[in-house]
Amino acid sequence: MLRRFFMVMMVAAVGLALSHGPADAQRRRERDVRITGQGASFPAPLYFAWFREFNREMDGVRITYQSTGSGAGIRAFIDRIVDFAASDAAMTDEDIARVDGGAVVLPMTAGEVVIAYNVAGVDALKLPRDVYPLIFSGAVTRWNDPRIAKANPGVPLPDQPITVVVRSDSAGTTFVFTKHLSAINASFRETIGTGTTVPWPRRPNVIAAPRNDGVAATINQTPGSIGFMEFFFASSTGLPMALLENAAGNFVAAGEGGGQAALASADLKGEDLRIWVPDPSHPEAYPITTLTWMLFFRRHGNEQVAAGLRTFVDWAMGK
C-alpha cells in the first residue's frame, strides 16, 4: 500500500497529463454522473492523480475533489454537501453516529508525516525522540540547544530562536502528528494532547498556516523555522527533513522502506478499519506513519453516484 502511495505521488509530482481530445471530452462531460468530494490535503496529490486517470478511463462518471483539510471534509460529509470525503483522522464514533445514511470508513493509502526545517548550513539533522516533542511544546526554543547539539556533533547549529510552524485549520495531519507525540512524551500528552486542532503554545515564534502546502510555503519563507507536513509536500518543495529516532533507538529518514516497516507493526485484526500505529516497534520503522481514509455513505440515496463510487473503489484498489 505504501509502495503504491509513493509511486503515484511521484507521478503526481512530475505533472501527469491525461486527457481526451477536446471534442470527445466535452461530449463525455455533458453526460457524466458528477461526483464531488473534499477533505484531507495529506493524500490530495495522489487523489488528484487517481481522479484524473479514472475520469479518463471511465465513461459516464466524473469525480472532482477539493483539498480543504480533514476537518472541513468531515463537516461537509456530515452535512451531506459532498458525495464522499477524505480524512487522515478517520472519523470518531460520535461523528459516524451523526451521518444520515451511515458511514463506511475505508483506508485507501498510507504516508508519512515529516518534520521539515529551514536552517542555513544545516543539510542533515537528527532529532531524538525525547527532543522533538519538546520543540513543538515550547520547551526547546533555540537551535543550538544542548539536547539537539548532542545528537548532531559537528553540525553548525546557530544560536537562533526556533520558529515553529503549525496548522491553522482542522487537520488530520495534526491529528496524526500529535497522536504520535502524545504516545512518546507524557508532558506533550498532558499539555497539548491529540486532535485535529490542539492548543499550541502562544508565543511570537509560533506561526500557523493552512493545509500542508501552506506549512511548506511558510517554512520555505521563514529562516530558522521547523514544522510538520506530509512527506510529498516537503520533498516536492526541496525542504530538508529531519531523521527521527524511532522506538528502537534508530534514526530513520522518511521514505518507502521506513513506512512499510512501520505499517508492519500495525494490528490488522478485527473489523474496524480505523487502524493506528502511533509508535511503531519495528527497528527500521519511520516513526510517524499512518493510513489515510475515504468516507462513503452506507446509503447514499443516489444509486448512480453510489455505483460510480463503488466502481472507483474497485478501480483504486487495483492500482
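**Salt bridges in a predicted model**

R211 and D213 form a salt bridge, with their closest N and O atoms 3.1 Å apart. A salt bridge here means a side-chain nitrogen of Lys or Arg within 4 Å of a carboxyl oxygen of Asp or Glu. The count by this rule is eight salt bridges.

This is a predicted model, in which local features need pLDDT of at least 70 and side-chain atom pairs count only at pLDDT 80 or more, while totals for chains, interfaces and linings use all residues. Residues are numbered from 1 along each chain as its sequence is written, and side-chain values use heavy atoms, with hydrogens and water left out.

How open are these two residues? R211 is partly exposed at 30% relative accessible area. D213 is also partly exposed, at 36%. The terms have cut-offs: buried is under 20% relative accessible area, exposed is over 50%, and partly exposed lies in between (1.4 Å probe, protein chains only).

Now turn to R129. Its partner in a salt bridge is D279, and the closest N and O atoms are 2.9 Å apart. R129 sits in the loop between β5 (126-127) and α6 (132-137), and D279 in the loop between α12 (256-263) and β11 (289-297), so the pair ties together parts 150 residues apart in sequence. Helices (H or I, at least four residues) and strands (E, at least two) are DSSP runs, numbered from the N terminus. R129 is buried, at 19% relative accessibility. D279 is partly exposed, at 26%.

Next comes the salt bridge between R142 and D159, at 2.8 Å from N to O. R142 is partly exposed at 33% relative accessibility, whereas D159 is exposed at 55%.
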